[in-house]
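Morning, everyone. Please look at the sequence and the model on the screen before I start.

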Amino acid sequence: MTMTTRLATLAEDPTFKWWMRTPAATEFGKDTDSMYMWLWWFCVAWFVLLMGLMCWWVVKYRRRPGKIAQASTSHNTPLEIAWTIVPTLFLVYIFFRGFSGYLDTMVAPAGAIDMDLIGKKWSWELKYPKGAVASETAVIGQQQVPVWYIPAGKAIRLKMVSNDVIHAFWVPDFRVKQDVMPNRYTSVWFKVAEPSGQKRMPEVAPGSFDATSKVKVALSGVPYEDHWVFCAEYCGDMHSEMAAIIRVIPESAWNKWLEAAGEGSLTPEQLGELMWKTQCASCHTVNGDKNTGPTWKDLYGSEVALSNGSTVLACDDFIRESIVNPQATIVKGYEGVVMPSFAQLSNERINGIIAYMRSISAKGGDDTPCNKSEKK
Amino acid sequence: MTTLDPHSHPGKGAATRWMQYVHGHHWRSQAEEFDGCKLGFWLFLTTEVLLFGGIFCAYAIFRTLYPQAWAEGSHALNWKIGAFNTAVLLISSYTMAASIYAIQTNQQKRAQLNLIVTFLCGLLFVGIKFALEYVPKWSGYFLVWDPALHHHTASIIEGKTALFGLFQYVDGYGGKRPGALFDHPFAVDPHVPLWWAVYYCGTAIHAAHVLIGMALIARVYFKSRNGDYGPTYYAGVEITGLYWHLVDLIWIFLFPLLYLVH
Amino acid sequence: MAHHAPASNTDFNELDPHGAGSHGQHASHVIVSPLQLRAVLAILLFFTFLTVGFAWAEQWAVDTFHITLPWWVNVYGAMSIAVVKALFVMAIFMQLKYDNPMNSILMAFTFAALAVFITFTGIDLFNRDAVIAWKAGPVQPGGTGNLVSYPYGPPAAADTNVVDAAKQRHLKKLEERLGSPQAAMLEFERQRAENSHAAHDSHADHTVNTASRSRPRVGRTDALDSGTSPAAPAAPGHH
Amino acid sequence: MSGHEHHHGSYLTSKGSLFTNIVDWATTVDHKKIGVMYLFAILFMFFLGGIAAIAVRLELVHPVREKVVLTVSGPLVAPVMNPSTLTTGDGRTFELEPGKHMVRWTEKDGTEVRQGDTLTIPAGKKVEVLDMKGKPLAVDGKEVSGTFAAETRTAPPTAGVKVTSVVSGQLLPKVFGKTDASIAEGNNIYNRFFTMHGAIMVFMVIVPSIPASLGNIFLPIMLGAKDVAFPRLNLLSWYIYVLGSIFAVVSLLATGVDTGWTFYTPYSSTTDPHHWRVVFMVLAAFILGFSSILTGLNFIVTVHKLRAPGMGWFDMPLFVWAVYSSGVIQVLATPVIGITLLLLVFERVFDIGIFDPAKGGDPVLYQHFFWFYSHPVVYVMILPGMGIISDVLAVHSQKKIFGYRAIAFSSLGIAGVSFIVWGHHMFSSMSEVASTVFSALTFLVAIPTAIKVFNWISTLYKGSIALTTPMVYVLIFLFLFSIGGLTGLPLGTLSTDLHLHDSYFVVAHFHYVMMGGTIMALMAGLHHWWPKMFGKMYNERWATIAALIVFVGFNVTFFTQFFLGTRGMPRRYASYPDEFAILHQVSTVGSLLLLVGFVIHALVFAQSLMAGRKAPKNPWGGLTLEWLADSPPSEHNFDHEPIVTHGPYDFDTTVPPHWDPKDYPIPAENLARAKADAH
């Protein structure tokens, strides 16, 4: 069966939408879908056959008092051989079809665009070409998750590595999943069709973080499709919040966006807020609530009690050290919480975080204790 | 090979409790019970082999991944100690088998003597392992009678001794510990701590088995003095022997893997 | 005791079905003669000597004839000898030879399970990047502008830190004792020499022998240490 | 061998005071008493694991853990985020700087504001400027206010909003009195609960369930033996089971562990760093392994050595075959989990690094170690269940089992193949080569399993089928296990597994196999042998009703999870996107139905024990040896050693023991046919 006919069959299959929320967004995913639906009908056939016989015989041969079952054969070699061989042949076919789909899923085509993906407790960090930053976020529950722009019709390969424990990168709409390991690289690739305008997930709340005008222009009026990214390997407290959204846009728009979305287009506070939303929000709040880590609200410029009994002024240096080498000082009450190092963040980004923390601190004004100490 | 006639050996002396032995009520005969015990124990031995299988698997995988570390680690072991300990265990295996022979032929004193020798061999094995290998490698303290000490004369720190002068500290020798505990200053390959992890896990679990085996031997020794075992009933000695031989068997593989194959 | 013990231990029930299991007799009460036991002990000790000698011979061949034996000679040799020794222990000391064959079958299954365990684990760990070459065509550089990078150094390779840290700690200790860093370094080198000499007074040279040089390091992406990409295929692929 | 005086009374008969009774049970070496103790211990752990399951399901009723809704309740105050220019009422401009200035403005009351979000003030909106302390800023004694020229962003508001609703989804934290739990803390409680559910159900319920309870009681009787080969070892293994369970409960009482029952490294070796809870739970699994090994070993020797006269290997009931096969797996696989868990304990206590990538070890090596045991053990769980089905099916349809040898050999075949398929748990973490090899081998397991199902259904043909509760459970088993088995196909297929791996599809699949298979078979066996074990009949009507409720509840609970999985719901998620909410809620309703079903079962059993009708010796007309014994059997099972003269399933030619031939008129043609077959 050619691919087209397979797809045609899928579209006509009324049960397809029970199983999959939408058709797969990738080519290999469509093959996976057709494999799945083939298996589904294969299973239905066997199940109906077996259960049908079972129910029929249970009714037909129900016990009648005083009557003993007639002797009937208790084995039948040809029958037994047949029902060994026939399923075996099916299984061989299933294996090879699955294997061929697997190869398509695993092997990235030539000319794919490479991007890095780093998984850590509990966020994803995608590295675009040219240092571009996707500045939008969406909300799942209370959680901010990043929105990644991905060009349609281009093969993308993600090279993935984890910063701490094992994570797994899963995009259900792409039908692909791959573990992200702390000690070696793994990769996934996908090529998504042009956005059809068809919705693939409920509208995500528009991130209130508006990009600067250049980015806005690049993206205005552009059709897009969204796809969830999940972490599929259990990784701890915020495992279920370790999500992202892939927003597929036409390639031309993506190229424009890439140009526009350099980090220079954001103020330090904006950059810092973006970093918080995409990297830090799973552990730190900005509204004063306690979470895995201390809240950032009013942190900047305040005296922080440390676990070793001393106190320290939350100034730029302290914040920088806490980002780069989190285990150097532990804030009182957060002993036993192991924050991963974010030493990979660029200087601009760290400065941005500091600026953002300052902007949300009551002590962040001109006359902060930090400024005083600097003046000394 | 002769098959024993249980009636040809009337008990000698007072210690003939074995003649009164009555097999478990649910067994059809004593021979069946003996066979069953052995089958059960062999099943248990298979679990022991597979328990060590984990160690062997880790060894094989990491040796292939990090051959340099494995070579470096292997070189830090003294093959002479390993070979000597191998001989000790082999001899103890022989004495264990000999004690079964003695019981089968109702030579109680000879059997007990062999059991004592087996026990002492086990003790020697564990003692050597502990005093000449673990302690110096872990901490840098050498037993003062350790012949290896003279290789390190220049690094001895005079006066730094432990346990009433029984152990002498050698600077820079110790710290060969697993994983994060590693503290040996002269390591080259970054994966050497992993080698020590496999070494310590393998040999320590083996040493624990030697100790368990010794406890079993002590048990059958005392039961034997009590006259519990004789030509028609010696299942306890037999399965203790099987356990002891298995301990030997594991060591037969651990020795070349750790000390020789580099 | 209320139950009825058979009159004699050798009673054999005609209806007993276990003939198939034990060949109609209980082969348990076998006496292995001391002579045989001693012979086996002698063989085992001889093989122990042999396996040590075998390890020596490899180095001796390098030193004397400059012949480097392939890596597997030593490994397979030592393992074969170990297998022979194990067979002797099992057959005679543990009496498998005279025992119910069921027990031998059991052992055979056990070793088969062990072999399956190690082999199949190896199929994964030794083939991790086996398909990278055909998996990846030439890939357009992206990400940080280079190929995949591991920008914050290799935290996964903290293992080097353990080894280095041990070295630094020792140097610091020596410095405290001897007063100056120079003296500490000298003493460190001296101790290192003594240490390696002491460890290798036996059969092996300080250099790593063929067994270790023989295999490429696989299973862990090199790039994690070097900071360069693993996936840039040496020879651009096809597909 | 003390304590073996011959009693003609039932093994349950009371011997004296309460104290002597307790001592008698605690020191008994009678396989039946040990089996009963196992049965109740396992049912208790099933109860604990079930509580955890219900807790997990209730927590998942709400999609998100916490959704705080803020609404505007007054003038909003917020720091500005970017430098901006304010035009005051008198036309002057004022420069605002982030970190220096806050602004106050009004929005309509009740407008929703997302917590933590920045706000945008449209151009032209009237605002007042404050300093960072919230005091109105005065320039030249005049408070500054005006409008922005361009739209301006501010940080989240510091005043002017109030929490109007905290959407629940914090059920478990609330139960534990933590009303102000953060998302992470709430998730953590959920994670501990699903770990508790998994660890208890796997290590303490399903693995020992059938072999240690029903196997212990009936394997020796079915063989015509007086006891298992090593009765004292049997008691020891029960105590080891209790010890292991105590370790697990200690770790649970210390609020449990959050590793998942699989203890994957490096998560399990780094989580919860300053506590011993994980070590306790791991040691519990390690200790329970010993119990499992000893039970398996005991059964293997019993089968080899203690069969009744006349009982050859192919005269054994299929339940015995199945328990024997699972014993082989227990003995060969369990030691590997032993060393794995031991190394994990060393990893946590000594940081040895074998499984820790930070120390050069390999986390996937742990997965190999773990699944080398844990995959075969899946068959330890299901094989005895299959054995029960074979026996119960034959008895309640009074029909010779179809393809006896095929079923027996397929048990051994499954046991053998189970050792070479473990990699299918790791398709997304292994090398591609290994994935391919393991996928191909995985399909091998489908063949013997399919053969068994075909044989069972063929057995119904021309039978005399009575729809008793055990038989109803057999049919439920066939229904659920077929679904469980067939849904294994997309999981073994490489391309579809990449989508379904670690999703709710997997959760549904293994619940169909483990619960729909093993637990339903356990229920079948429990009802089938209940009269024999306790000498009392149970209430057939209520038991059947409960069985149907369980059947419906089970499908509602778990079939929905197949849809969740294919639609993209990952497993072990404490919260999830709203679109999965309805399916999760349906699933939770199903789990409550299941609870109702099992509660009715418990009541039926309790009623039977207290006031049940006395059971006849052979209520169902079984031919295997246990139906020869009394109900309940005497201490030594049989008065005389039974001699086996007919096969376990020769229903067409044999009048069941203790039955009146008048009630069982064997057609002459059956006998003639048997005679012809014999020649």
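First, the ground rules: residues are numbered from 1 along each chain as its sequence is written, and chains are lettered from A and ligands numbered from 1 in the order in which they are written. This is a predicted model, where local features need pLDDT of at least 70, side-chain atom pairs count only at pLDDT 80 or more, and totals for chains, interfaces and linings use all residues.

Start with chain A and chain D. Two residues are in contact if their C-beta atoms, placed from the backbone, lie within 7 Å. By that rule, 96 residues of chain A meet 107 residues of chain D. The chain A side has 49 nonpolar, 29 polar and 18 charged residues. Here Ala, Val, Leu, Ile, Met, Phe, Trp, Tyr, Cys and Pro count as nonpolar, Asp, Glu, Lys and Arg as charged, and the others, Gly among them, as polar.

Now domains. Their bounds come from an automatic or database domain assignment. Chain A has domain 1 (18-51 + 77-107), domain 2 (113-264) and domain 3 (267-375). Nine residues of domain 1 of chain A contact 10 residues of domain 2 of chain A. On the domain 1 side, helix α3 (residues 27-60) of chain A gives the most, with four residues. Helices (H or I, at least four residues) and strands (E, at least two) are DSSP runs, numbered from the N terminus.

Chain C splits into domain 1 (28-111) and domain 2 (160-197). Their centres, taken over C-alpha atoms, are 43 Å apart.

On to chain B. What is the strand order in its open sheet of three strands? The order is β2-β4-β3, with antiparallel pairing. Two strands pair if DSSP finds at least two bridges between them. The edge strands are β2 (141-143) and β3 (156-162) of chain B, and each pairs on one side only. β3(B) and β4 (residues 167-170) of chain B share three bridges. B:Ile156 sits opposite B:Val170 in β4(B).

Helix α4 (residues 108-139) of chain B lies across β2 and β4 of chain B, at about 160° to β2(B). Axes are lines fitted to C-alpha atoms, for helices over the stretch in contact, and angles run from 0 to 180 degrees between N-to-C directions.

Last, B:Trp138, in helix α4 of chain B. B:Trp138 touches B:Gly174, B:Lys176 and B:Arg177, not counting residues up to four places away in sequence.
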